[in-house]
Amino acid sequence: ASIQLTGWELAKDIVITWKLEEMAVSSFIDFILDELYEKMGIALIEASLYADGTNKPRGVTHGLTPIKTGETPIDTIIATYKALSRKARIGAKAYISTDVNIEICSYKDLNGNYPFLQGLATNKLVPIEVDPFLHDNDIVVGNPRNYILNETTQLRVDRERTVKGRKTTFGGYAVVDGAPKPGAFAYGQYTPTV
């Protein structure tokens, strides 16, 4: 199988007034730059998970039909894991959304105990991690090494001052593309029963 990667621009900016820049302590400018890096990082993560590949990277879930079988989140994790080929299971982890984790941790057994209150990190099933960037009720199983990310231009931040309007723009810029190896990931969704 082959993967064709090009390059898509990832750009975000933050605009502040000259007055604010003059009055701000240096730590405020550092805060603005951190916010810019965070915005760009979240945009790249979202694209790597969910984007359709049109003018942006192709996400691991794009084109996959979510597996929705399973009366419990654990059943859904198992069904999603089993959807992978034997080769794709090598090094695979189950990544679960915060909502799925809450469903697992709030499960009560017949004795009224919470057997998964400590989480599932040490289970014998498959390694499981909570991914705060997954959408509600989503589960992704796979090895992240099977997602190919091509960074043509590394993230940089440029500063532009404009006299008219007395504004300073901090602009983040990168050129990236990414795509999963074919068949390397499985996508599941758990629908809680009310």
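**Entry 1. Loop residues with positive phi**

I began with Asn55, which lies in the loop between H2 and helix H3 (73-82); helices (H or I, at least four residues) and strands (E, at least two) are DSSP runs, numbered from the N terminus. The model I am reading is predicted, so local features need pLDDT of at least 70, side-chain atom pairs count only at pLDDT 80 or more, and totals for chains, interfaces and linings use all residues. Residues are numbered from 1 along each chain as its sequence is written, and side-chain values use heavy atoms, with hydrogens and water left out.

I noted that Asn55 is not a glycine, yet has a positive phi of about 60°. At 55% relative accessibility, Asn55 counts as exposed; the classes are buried under 20% relative accessible area, exposed over 50% and partly exposed in between, with a 1.4 Å probe and protein chains only.

I then turned to Asn137, found in the loop between E3 and E4. Its phi is near 70°, again a positive value in a residue other than glycine. I also looked up Ile78, whose place is in helix H3. Ile78 is partly exposed, with a relative accessible area of 28%. Ile78 and Asn137 are 59 residues apart in sequence, and their C-alpha atoms are 15 Å apart in space.

**Entry 2. Salt bridges**

How many salt bridges does a search of the whole structure find? I recorded four, a salt bridge being a side-chain nitrogen of Lys or Arg within 4 Å of a carboxyl oxygen of Asp or Glu.

I took the pair of Arg161 and Glu21 to start with; the closest N and O atoms of this salt bridge are 3.1 Å apart. Arg161 lies in strand E5 (residues 147-162) and Glu21 in helix H1 (residues 18-23), so the pair ties together parts that are 140 residues apart in sequence. The two partners fall into separate accessibility classes: Arg161 is partly exposed at 39%, whereas Glu21 is buried at 13%.

The next pair was Lys93 with Glu129, where the closest N and O atoms are 2.4 Å apart. This pair links distant parts of the chain, with Lys93 in strand E2 (residues 93-96) and Glu129 in strand E3 (residues 128-130), 36 residues apart. Lys93 is partly exposed at 28% relative accessibility, and Glu129 is partly exposed with a relative accessible area of 35%.

I then recorded the salt bridge between Arg156 and Asp158, with 2.9 Å between the closest N and O atoms. Arg156 is partly exposed at 40%, and Asp158 counts as partly exposed at 39%. Salt bridges that share partners join Glu21, Arg159 and Arg161 into one network.

**Entry 3. A charge over a ring**

Which ring does the charged end of Arg161 sit over? I found that of Trp18, with the charged end 4.4 Å from the ring centre; the rule asks for NZ of Lys or CZ of Arg within 6 Å of the ring centre and within 35 degrees of the ring normal.

**Entry 4. The largest pocket**

Rolling a probe the size of a water molecule over the atoms shows where empty space is left. I noted about 260 Å³ of space in the largest pocket. On a 1 Å grid over the protein atoms alone, a pocket is an open set of points where a 1.4 Å probe fits, with protein on both sides within 12 Å along at least five of seven lines, and lining residues have an atom within 4 Å of a point. The volume is the space filled by probe spheres set on the points, which are joined across faces, edges and corners.

The lining has 13 residues, and the closest to the pocket centre are Leu49, Val60, Asp131, Pro144 and Phe185. Helix H2 (26-50) and strand E4 (138-142) are the elements that give two or more residues to this lining. H2 gives the most, with four residues. By class I recorded 10 nonpolar, two polar and one charged residues; Ala, Val, Leu, Ile, Met, Phe, Trp, Tyr, Cys and Pro count as nonpolar, Asp, Glu, Lys and Arg as charged, and the others, Gly among them, as polar.

I followed up Phe185, which lies in strand E7 (residues 185-189). Is Phe185 buried or exposed? At 10% relative accessibility, Phe185 counts as buried. Phe185 and Leu49 are 136 residues apart in sequence and 11 Å apart in space, C-alpha to C-alpha.

**Entry 5. A contact across the sequence**

Lys167 is partly exposed, with a relative accessible area of 34%. Lys167 and Thr17 are 150 residues apart in sequence, with 4.5 Å between their C-alpha atoms.
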